[in-house]
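The following exercises concern a single protein chain. Please examine the sequence and the structure before working through the solutions.

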Amino acid sequence: MGVRAGHFCGPDSAPVNWKVQRISRHTEKRIEHHRHEHTADCIRLLKEQGFTCIALEVTSRSVALPDYPFNHHHKIALFTGSEQHGIEAATLAQMDACVQIPMFGLNTSINVVQALSIGLYEIVRQVRSTKA
């Protein structure tokens, strides 16, 4: 998918352990990863490095994932929240944009790993179609 690094934020973000290694199929050895005590520090660092910070979260200002022009950005940092609480309001306020996965039916929640996969797929789809 072209992911260059993963950033894990907050006091509860887990370090790489045997379970992470097994689930990630050892990609933690090939993809750079960082842990940040405070999400705001991570956002500040990424913005200083030229990243556009985008939250994958249902908010009043969220744009449907396929409608957001990812291909207009050179560097994208896609933020997901915790399984239980999503992304905190203070973090959302620092985002350059918010996107959401269009869903049908009664449930508006999706597993964070699945949501991240869908978000990354859409970014790659748009970037590839621009280069074609």
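This is a predicted model: local features need pLDDT of at least 70, side-chain atom pairs count only at pLDDT 80 or more; totals for chains, interfaces and linings use all residues.

**Exercise 1.** Describe the secondary structure of the chain and the sequence separation of its contacts.

*Solution.* Begin with the elements: the chain contains 4 helices and 6 strands. Next, arrange them in sequence order, which gives the pattern β-α-β-α-β-β-β-α-β-α. Then take the contacts between residues at least 6 apart in sequence; 80% of these join residues at least 24 apart.

**Exercise 2.** Determine whether glutamate 122 is buried or exposed, and identify its contacts beyond its neighbours within four places in sequence.

*Solution.* First, locate the residue: glutamate 122 belongs to helix α4, residues 112-131. Second, apply the cut-off. The relative accessible area of glutamate 122 is 7%, and buried means under 20%, so glutamate 122 is buried. Third, set aside neighbours within four places in sequence; glutamate 122 is then in contact with Leu65, Pro66 and Phe70. For the chain as a whole, 26% of the 132 residues count as buried.

**Exercise 3.** Characterise the second largest pocket by its volume and its lining.

*Solution.* Start with the volume: the second largest pocket holds about 330 Å³ of space. Its lining comprises 20 residues, of which Leu56, Glu57, Thr108, Ser109 and Ile110 are the closest to the centre. Now assign the lining to elements: β6 (97-100) and α4 each contribute at least two residues.

Technical notes. Residues are numbered from 1 along each chain as its sequence is written. Side-chain values use heavy atoms; hydrogens and water are left out. Buried means under 20% relative accessible area, exposed over 50%, partly exposed in between (1.4 Å probe, protein chains only). Contact means heavy atoms within 4.5 Å. On a 1 Å grid over the protein atoms alone, a cavity is a set of points where a 1.4 Å probe fits but cannot get out, and a pocket is an open set with protein on both sides within 12 Å along at least five of seven lines; lining residues have an atom within 4 Å of a point. Grid points are joined across faces, edges and corners, and a volume is the space filled by probe spheres set on the points. Ala, Val, Leu, Ile, Met, Phe, Trp, Tyr, Cys and Pro count as nonpolar, Asp, Glu, Lys and Arg as charged, and the others, Gly among them, as polar.
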